[in-house]
Structures are given as structure tokens and as C-alpha cells.
Amino acid sequence: MDRRNSWIANILMGMAVMASPVTHADEDTYLTLSSGFDYSSGKYGTTTTTNTVSIPVSALYETGAWTLKLTIPFLIVTGEGDVMVSGRTGGRRATTTTTTTKTRTTQTGLGDVVTMATYNLYSSDESDSGIDLTGRIKFGTASKAFGSGLNDYSAQMYAYTSVGDLSPNFSLGYEVVGGSTTAPMNNVFFGSIGTGYRLSNRTRIGMDYRYAQKSSATGSEQQDASLYASQELTPDVYLRGYVLKGFSAGSADTGLGLSVSTTF
């Protein structure tokens, strides 16, 4: 294991060690571990298709009004090397690069490490509604084959409520995108709107629509919609799946994913 992989593993182990004793002492403190896969395929404004498989491992720590999350994705990418696949929203930024590599290959490796801190600004148990503020850092840890090698910083507001079994929500955010003289990037606004529906106490379905401005002169805006379903398998284990359809050159044409999480 090289030095970069070693410190990532140490972070995950440290979070688990520090959080585990507290989860038994404080009912308002939880540690959730999750993993799964995401698959996406698209041309992203080019003439050829890039297929991406992401296998993320995430650790989420909740205490009081705060939620901290760390995600480390492993990527398997088949394409001609002219699309960045590691970035905002789990590696779906599609910004063409200046590489001249046109041989179709399959490359594997770690994607960009992402950390998030969320603060619950407002919540109401009576109406099951709330407002969350999230700060996010995408560290440029991926190789140049997958990402820009630079950090991105974003802030987002997320609001939700419940109307019977429906749970409408929306988000609005702004991202400072890392760029350089050879690969200039634009800062972007992004947002989403969606709703969930409770089929039973253990099963939910929903849909989301997401939009983001284009982050470079050679890129395109992102527009996609997803349908998802989540199932509580046991009181501490959840299964979630989704399918995605893109509506712009900056989004994947199609995508799907499945994840399982467990809470301690």
C-alpha cells in the first residue's frame, strides 16, 4: 500500500475507533458505514462513450445537529481519456480535457476523496421538516486520468418537509472549482428538486432532478433525473438503488447504482 492509500485507511480506522464507544453511550450519536456501486455511461459532449464504475466506501458520523461524512471511491473507467470522471456528485462531472490520448483503455484507481460537514439549522418534529447547511471539500487525490488533481469547495442549503406520505425537498449550492492556467474552470451554481414517497414504514421511493452550470468553456451544463427506492432490511441495515437519465451533454446518458448501509 502506498503512502496516499495508507493515510486514507488510517482516517477511516480512526473515525470508527473514535465513534464506536460513543454510540453506546449517547443515543443521539451514530456511525453509519456504507458501500455499493455506481455505473454511468455517456459521451459528455465527445464522439465516444465513457463508461464509469465507482465503488465508494463511506463513513458517516452523526452527533447532535452535526453530520460528518467521508467518501473514498475506487474507479474503473473505460474510455479514450478525454473526460474527467471524478468530481462533484460522485464523479459525474463531464468536463473535456486537453489530452490527446485517443486509445480506448480501461483504467482503475482511487478517485477524489470527499469530505462533508452538515449542520441542521432548523428542524420540526411536528411537521417533519428542516433545513440543513453543508460544506463540502473534494480533494484532488485522484490521478490525472480521472480528475483535475485540484481541490473543489462547495456550500449547499437543503430544505425538506412532509405532506402526508410525500416528502418534497430542494437544494441550492455554489461550488468553487479548482482550475489552472492550462485547464481553467468556472465556479458554478447547482441545485436539485425532488420528492420521496413512503410506501410503508420500511419502504420509500422517490425522484430527483438535478442541475449544474457548466464548469468550463469546453464543458456543458448538467441536467439529470433519477428514480430511487430504499428498503429497511433490519432496524440498522438499509438497501438503496436508483436509475438515472441524463438530459444534457454534461451528464451521463444513463446510470444506475446500489448501496447498502449499516448503522451502529
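The side chains of Lys138 and Asp152 meet in a salt bridge, with nitrogen and oxygen 3.3 Å apart. A salt bridge here is a side-chain nitrogen of Lys or Arg within 4 Å of a carboxyl oxygen of Asp or Glu. Lys138 lies in strand S6 and Asp152 in strand S7, so the pair ties together parts that are 14 residues apart in sequence. Strands, like helices, are DSSP runs numbered from the N terminus (helices are H or I, at least four residues; strands are E, at least two). Lys138 is buried, with a relative accessible area of 0%, and Asp152 is buried as well, at 1%. Buried means under 20% relative accessible area, exposed means over 50%, and partly exposed is in between, with a 1.4 Å probe and protein chains only. Asp112 joins Lys138 and Asp152 in a network of salt bridges.

The model is predicted: local features need pLDDT of at least 70, side-chain atom pairs count only at pLDDT 80 or more, and totals for chains, interfaces and linings use all residues. Residues are numbered from 1 along each chain as its sequence is written, and side-chain values use heavy atoms, with hydrogens and water left out.

The whole protein comes next. What helices and strands does the protein have? It has two helices and 13 strands. Of its 264 residues, 39% are buried. Among contacts between residues at least 6 apart in sequence, 52% join residues at least 24 apart, where contact means heavy atoms within 4.5 Å. The protein exposes about 13,800 Å², and carbon and sulfur atoms supply 61% of this area. Accessible areas come from the Shrake-Rupley method with a 1.4 Å probe; for residues, only the protein chains shown count as cover.

Return now to the strands around the opening pair. Strand S6 covers residues 129-138 and strand S7 covers residues 152-160; they run antiparallel and are joined by nine bridges. Two strands pair if DSSP finds at least two bridges between them. Thr134 stands opposite Gln156 in S7. On to strand S8, residues 166-176: S7 pairs with S8 in the antiparallel sense over eight bridges. Here Tyr158 has Ser171 in S8 as its bridge partner. S7 and S8 form a hairpin with five residues between them, and Gly164 in the turn has a positive phi of about 65°. In a regular strand the side chains alternate between the two faces of the sheet.

The structure holds five salt bridges. In one of them, the side chains of Arg136 and Glu175 meet at 3.8 Å, N to O. Arg136 lies in strand S6 and Glu175 in strand S8, so this pair ties together parts that are 39 residues apart in sequence. Both Arg136 and Glu175 are buried. Another salt bridge joins the side chains of Arg198 and Asp165 at 2.9 Å, N to O. Because Arg198 lies in strand S9 (residues 188-198) and Asp165 in the loop between S7 and S8, the pair ties together parts that are 33 residues apart in sequence. Arg198 is partly exposed, at 36% relative accessibility, and Asp165 is partly exposed with a relative accessible area of 31%.

Next, the aromatic rings. A search of the whole structure finds three aromatic pairs. In one of them, the rings of Trp66 and Tyr119 have their centres 5.0 Å apart and their planes at 55°, so the pair is tilted. Trp66 is in strand S3 (residues 66-79) and Tyr119 in strand S5; the pair links distant parts of the chain, 53 residues apart. Rings of Phe, Tyr and Trp (its six-membered ring) pair if their centres lie within 6.5 Å; planes under 30 degrees apart count as stacked, over 60 as edge-to-face and the rest as tilted. Trp66 is partly exposed, with a relative accessible area of 43%, and Tyr119 is partly exposed at 34%.

Arg240 lies over the face of Tyr228, at 4.5 Å from the ring centre. The rule asks for NZ of Lys or CZ of Arg within 6 Å of the ring centre and within 35 degrees of the ring normal.

Last come two backbone angles. Most residues other than glycine have a negative phi. Tyr44 has a positive phi, near 55°. Tyr44 lies in the loop between strand S1 (29-42) and strand S2 (50-63), and is buried at 7% relative accessibility. Asp128 is not a glycine either, yet has a positive phi of about 50°. Asp128 lies in the loop between strand S5 (114-124) and S6, and is partly exposed, with a relative accessible area of 45%.
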